[in-house]
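User: I would like to go through a model residue by residue where it matters. Please take my questions in turn.

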Amino acid sequence: MLDSAQEKITAREKYLRTLLDNFPFMVWLKDTKSRLLAANTEYARVAGVSSPHELEGKTDFDFFDPELAKEYVEGDRQAMESELPVGTVNRLRTADGKDIWIESYKSRLVIDGNIEGTLGYARDVTDAIRREREYHSLIENSPNLIVRFDTACRRTFVNQKTANLYGVAEDVLLGKTPSEFPGGDSAYGYEQVVKEVFKSGRSAAMDLHWHAPDGNSRIIHIWLAAELDASGLPIAVIGMGQDVTETYEYQERIHHLAYFDTLTKLPNRALLIDRVEQTIAEAERHAYPFGLIMLDLDRFKEINDTLGHTLGDVLLCEVASRLEKCVRPYDTVARLGGDEFGILVSEMRVPENITRVADKVLQAFDQPFVVDGHDVFVTASLGIAAYPSDSQAVDDLLKYADSALFHAKHLGRNNFQFYSADLTIKAAERREVETNLRFALKKEEFLLHYQPLVDLATREIIGAEALLRWQHESGKLIMPDKFIGIAEETGLIIPIGEWVMRSACQVAVALNRGRPRPVTVAVNLSTRQFLHNDLVSSIQAILAETGCHTDWIKLEITESLLLENTDNIQRMLQSLSAMGLCISIDDFGTGYSALSYLHRFPVRELKIDRSFTSDITDNAERALIVQAIVSLARNLNKNVVAEGVETLEQADYLHKMGCPQAQGYLFSKPLPLEQFLALLG
Ligand SMILES: Nc1nc2c(ncn2[C@@H]2O[C@@H]3COP(=O)(O)O[C@H]4[C@@H](O)[C@H](n5cnc6c(=O)[nH]c(N)nc65)O[C@@H]4COP(=O)(O)O[C@H]3[C@H]2O)c(=O)[nH]1
């Protein structure tokens, strides 16, 4: 029995010894004086003895370098004093002369409640330390900036390169988010991208623009990737940045060389073509017309030969800067080579507007250029192609503008020509109208025609609309659609509008003299007149001066005026209405009707646009719209007038719908005053 118990103990000791000796770590027990009580084979191997028994009773001083042995003995002391294991990493030279790194842990050896010494184990961590040093060396010697963020976007690691960029010590950056340090818009943007990587787990890249306090600025290209835990969730984000400032600048330089003219610094032909392509893409979406101008200086070769090439270059630079002043910032002036320039005039409301730019460009050459103290006179010829009317293709537009330029040169220089002869004629007409319009008032060339307003129930004339005409000295009677737009653009509509108002008031006074029921005269007002703040006082003065009663005058405005919806316009309309004048909306239904304005503004009458009246009898949809407008007006207690009534059928239909008043060729065209008076009786 005893034998078998003894056998078991012996067997267990054998197993334990085998376990310890085959353990790849050094394992030992020491007494309180750091003398080895027991150790395993690995310890013996490192200490350079053939068997663990040879270690017993010895200290580290017997095997190792005295300095290291001292550290170990000190470690033993600490381990005995501490309740927790004490860990260290030390370098050690083995008995066979190899330098290795040893990581050791020691704890108190407690037997029966007494501290009897220490127990420890140690392992060779040379490979792990070498790997760690390699990684560290890679990171610190990397030309890249390396950062690690925790889930709160705080930096948990930065390499030296990163600290250098910000010009601070690493610990200034650690524990802070980019917003906290260095802060600012680009740091905030950076942080958002880091957060995005945490959220999506997908890597991302961005350019960080860093403006140092010393005024220096750098561009860092950063790749961000998520570091995942065992379950695949992001636990950190690693950022690797590369300073690409030089590459950027280099690219900029290349771009500049490729797309800009070195002499004038203007865009070159390639960039102009690029911009035209972009404008076409935009224009297709928004349906804007635009124009392309080709410009060539007249007789530049002679000037260049006289001035010499250096001064010729100065002249070209002066021309470039004057041309830039003729266009809006989003237009493009380019130098195509030699004395040839191109101008892209983007986004025009009407194609004719390019005439204004062309005129301005020609006028820019009216004043001499001062070159080296001398006045140099030079003129230019311009050729214009219009998108989309001439073509929708870049190559064609360039070709057509060029051929129009050729035509302008052929016609004696210092002028502009459109590729389409039609537009050239229109532009010439427009310019003529503008010039003559300035003198038309003085020369008393304006007159008003009156179109009767009829009561649909009785077919009696109850008023008239005053419509402006221009009796040109050539004898031609010019209709308003040919000149009102130009008068508005040039501001001439203000004095012309005043003339219309005064004439209409005088006529209203004459018409109503001795008449029991008032006859109204409607006057058209354009938006531009409202933007000129004197409108209310000007109308007030004219009413007083002519003795015209406010019941006799109606003011026709367009829906677009109400859509401008400024407080000022609202105030002016309130004042005019408070004076007793009827405000009427002309061409009702053609604007982007926001019906809410009907109760916000003091509107008393709606005039249904003639496009609705014209096919009221054969287009059910149109008829429905007219019916809706009539009902709306009635419900809102407003008068309603149908415009453009041309047939009896239309008049009857409107009457049946409940429309009380109408105007149109059926009753009468707009008439000169005498004829209108005769009709009125
Ligand atoms: N096909 C057809 N047309 C008809 C018929 N009945 C009237 N018309 C025309 O329709 C236009 C009505 O004037 P509007 O809508 O105020 O449209 C006016 C108004 O917006 C503007 N206008 C005229 N006089 C002035 C003015 O003194 N000041 C301002 N700012 N604009 C004016 O010029 C526009 C055109 O005037 P007009 O050429 O005189 O053209 C007038 C008139 O001749 C019809 O049955 N059939």
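User: What is the mean pLDDT of the chain?

Analyst: This is a predicted model, in which local features need pLDDT of at least 70 and side-chain atom pairs count only at pLDDT 80 or more, while totals for chains, interfaces and linings use all residues. Residues are numbered from 1 along each chain as its sequence is written. The pLDDT is the predictor's confidence in each residue, from 0 to 100. In the chain, 98% of residues reach 70 or more, and the mean pLDDT is 91.

User: In which sense do β11 and β16 pair, parallel or antiparallel?

Analyst: Leu-297 stands opposite Ala-380 in β16. Gly-291 has Ala-386 of β16 as its bridge partner. Over 8 bridges, β11 (residues 290-297) and β16 pair in a sense that is antiparallel.

User: What is the handedness of the β-α-β crossover from β16 to β17?

Analyst: β16 and β17 (residues 416-418) run parallel and are joined by 3 bridges. Between them the chain passes through helix α13 (residues 394-410). A crossover is right-handed if, with the strands pointing away from the viewer, the path from the first strand over the helix to the second runs clockwise. This crossover is left-handed.

User: How many residues of β16 are buried?

Analyst: A residue is buried if 20 or more other C-beta atoms, placed from the backbone, lie within 10 Å of its own, exposed if 12 or fewer, and partly exposed in between. For the strand (residues 380-387), the count of buried residues is 8 of 8.

User: Is Asp-372 buried or exposed?

Analyst: Asp-372 lies in the loop between β14 (369-371) and β15 (374-376). Its phi is positive, about 55°, although it is not a glycine. Asp-372 has 11 C-beta neighbours inside 10 Å and therefore counts as exposed.

User: What is the phi of Asn-414?

Analyst: Asn-414 sits in the loop between α13 and β17. With 15 other C-beta atoms within 10 Å, Asn-414 is partly exposed. Its phi is positive in a residue other than glycine, near 50°.

User: How many residues of the shell around the ligand are charged?

Analyst: A residue is near a molecule if its C-beta atom, placed from the backbone, lies within 6 Å of it. The ligand is surrounded by 22 residues, and the closest are Leu-468, Pro-480, Asn-524, Gly-664 and Tyr-665. Ala, Val, Leu, Ile, Met, Phe, Trp, Tyr, Cys and Pro count as nonpolar, Asp, Glu, Lys and Arg as charged, and the others, Gly among them, as polar. The shell has 10 nonpolar and 6 polar residues, and the number of charged ones is 6.

Methods: Helices (H or I, at least four residues) and strands (E, at least two) are DSSP runs, numbered from the N terminus. Two strands pair if DSSP finds at least two bridges between them.
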